[in-house]
Amino acid sequence: MTDKQPSLDFGSRELPEILSILPLFDATLFPKMVVPVVIMQRESIQLVDEAMSKDRTIGLILSKNSEVKSKYTPDDLYKFGTTALILKMAKIEDNRAQLLVQGLGRFKVKDFIKGKPYLQARVENLQEIEIKSKEIDALMANLIGLFTKVVEFSPGLSPDILSMAKSIQVPGILADMIVSIINSTLEEKQKVLETLNIKKRLQEVTRLVNYQLEILKLGSKIQSQVKGDMDKKQREYYLRQQMEAIKEELGEKDETSIEIEEYKAKIKEKNLPKEALKEAEREIGRLSRMHPSSSEYTVASTYLDWLTSLPWNESTEDKLDIKKARKILDDDHYGLKKPKKRIIEFLAVRKLKPESKGPILCLAGPPGTGKTSLGRSIARALGRKFHRISLGGVRDEAEIRGHRRTYVGALPGRIIQGIRRAESNNPVFMLDEIDKVGSDFRGDPSSALLEVLDPEQNFSFSDHYLDVPFDLSKVMFITTANILDTIPPALRDRMEVLHLLGYTLDEKIKIANRFLIPRQREAHGLNSSQISFTNASIKNIITGYTREAGLRNLEREIATICRGVATQIAEGDTKAVKINVKDIYKYLGPVNYTSEVRARPSKPGIAMGLAWTQAGGMLLFVEATSMKGKKGLTLTGQLGDVMKESATAALSFIRANASKIGISENFFDKIDIHIHIPEGAIPKDGPSAGVTILTALVSLLTNKTIKKDLAMTGEITLRGRVLPVGGIKEKVLAAHHAGIKSIIMPKWNEKDLEEDIPEKVKKEIQFHFVDEMMEVLKIAIGK
């Protein structure tokens, strides 16, 4: 180690004009300041060795880049540096050396000199001129005041440094000393080194010290807040520990422990499936580490409540007495042979094979035909719990699958909620109005129902909230719909569709006597001795005040009469009333519907068709007329495109077969034809009116009336073929209700009469099955 003491008489030392340059990358040296320096490059060590053998004077310049380089170029360094004296030098292992250097003065590089393996430069030594003024003194006093506060907020700075700073009377040295101590960037310190004007240097250092002081104050404030929070938490923790110790001495348990023990007992009692058990144990572990006031505690406890309240293994025992089940179904509903037959078949299979999966039934039919109430009867016949949810207007997938637990107020979907309310894993579960499920940006509920209603998948139904599989394969799902067209094909494919078609007049009378009237008597506080109905009066209510496939409006009208009778009895006007046909007007007012068959005059150009609607079947009148013109065809009555095309096809068939029909082949040259279908406010469409339109046109052109009490339905082709149509039962029942005696329909629809149409209707109506339009004309007009 070299430790030869240099001369410390800085004032008398003459600074050289050519200096060996040692680059610095992590520090800035100011005049009169002392800093340690570590060097590693071979060239730098050679530079120091040569300086130590001479006057120990070198030049230190800060590198523009903070990265360590093996060799520096002049472009890598600033132009201003500090002449330094090597006070001590010690070589250590790995070709490294440690220096202790002291700044002597500032210099500015004029140019660099080549010839040495290290950098050498010709420099201009910069002398400081002492300036004394009130402004300088004020700047120095302000700087000392700020630095005093910095030392107060910095525990790492010794008070001796403050004493040293206060003892310095030279403004430039004071500024250099303070800037070398505070925490500023190398670029900011280099800027101070390059500032030769004493006043500006003091101002720049004041700015840096002020900035450093603000940071220290903010840090102190944050530290105080953190310390205060920690003290508060430590105090709370200490108090809680004391409370626990007191409860332990008293032999009491805290509420959290009691709740966790209750959950563990419930889980053990429930005998959860493997995945559900694993999830429950994990949540209990999380719950035990939480404080009861935490929001996460509430989320975890709510989840465990759901998990332990579901009927994982609880189920009701099916009643497999086939005769008793048949009696229950017959007692609750009149008719509905197909659905009843299917339920009895399910019970029979269940009796022979107990582990068979439940069917997915879809009860489709017009409103008021007993779809929802049939679901309750099925549950009663099976001895199962019943739960119903309405899907009408549901647009959010989360309604079916539930919300994920990350959301505030998350809950399971309506399927899992229904299972929990049923308290059984094999209830009869009714999904009402499945044809009215919608979809929007929140998802498609019908897609979520695909898993629910698939027996091959629903044994492991995963609700987003539970996040564990739940077995729905034991559930008997029953869905209801008014129409099947709006149900997605994939969903409809998973269901066994049972059509509940409209009731005949006789069926409605029997249902009214057996179910509707007794129910309304009870609802209005009446008994059978106080009010009774004749069959003729019920028939009059059905034909004159209702027009529906179901029974809802009929029940409303009966309720209206019951209210009127209840009012009379309550006022003391009467004690008992028997409702006859003549009494109905008194309670219900004038009839709402009259027989359209009788109201329409029998004239050429008027034909009667049959139409299907969501509410059942109805009569559809077609009126045709002609006037002077030239090949014009006008269609009115708010007709759809398909019906307009049927009218055009009918006219083309007539023109092509005019001679066979018995009219002039040029009939269309001098006339315009207008076809109108009444009730113009109601949109109409479909191909089944083709036969009716063609018959009305032929009746008009031949000036012959169509046979009385004759209705027809069927699609036509340009070649005169009659094609099959749908909704046969509804159409036939509507015709029977209106008193129609004869119906013309496609031969291909003959099979639809065999099972769906009641025998009484088939006996009272004569059916004509046709393949060709000429057969229709022969029957209807006599052509």
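Visitor: Hi! What order do the strands of the open sheet have?
Guide: Welcome! In this predicted model, the open sheet has five strands in the order β8-β9-β12-β7-β13, and their pairing is parallel.

Visitor: Which strands stand at the edges?
Guide: Those are β8, residues 386-390, and β13, residues 496-499. Each has a single partner strand, so one side of each is left without a neighbour in the sheet.

Visitor: And how many degrees does the twist average?
Guide: From one strand to the next, the twist averages 20 degrees.

Visitor: Let's zoom in. How many bridges join β7 and β12?
Guide: Five bridges, with β7 (residues 360-364) and β12 (residues 476-481) paired in the parallel sense. Within this pair, Ile 360 of β7 has Phe 477 of β12 opposite.

Visitor: Which strands does helix α12 lie across?
Guide: Helix α12, residues 371-382, lies across β7, β8, β9 and β12. Its direction is at about 175 degrees to β9, which covers residues 428-432.

Visitor: New topic: at what angle do α10 and α11 pack?
Guide: Helix α10 (residues 322-332) packs with helix α11 (residues 337-352) at about 155 degrees, and their axes are 10 Å apart. Because angles over 145 degrees count as roughly antiparallel, that is how α10 runs relative to α11.

Visitor: Is that crossing left-handed or right-handed?
Guide: The crossing of α10 and α11 is right-handed.

Visitor: Which residues meet there?
Guide: From α10 come Ile 322, Ala 325, Arg 326, Leu 329 and Asp 330, and they meet Lys 340, Ile 343, Ile 344, Leu 347 and Ala 348 of α11. The residues of this contact comprise seven nonpolar, three charged and no polar.

Technical notes: Residues numbered from 1 in each chain as written. Predicted model: local features only at pLDDT ≥ 70, side-chain atom pairs only at ≥ 80, totals over all residues. Heavy atoms only, no water. Pairing = 2+ DSSP bridges. Helix = DSSP H or I, 4+ residues; strand = E, 2+ residues; numbered from the N terminus. Axes fitted to C-alpha atoms, helices over the stretch in contact; angles between N-to-C directions. Contact = heavy atoms within 4.5 Å. Parallel < 35°, antiparallel > 145°, perpendicular 65-115°, else oblique. Left-handed = near helix turned anticlockwise from the far one by under 90°. Nonpolar A, V, L, I, M, F, W, Y, C, P; charged D, E, K, R; others polar.
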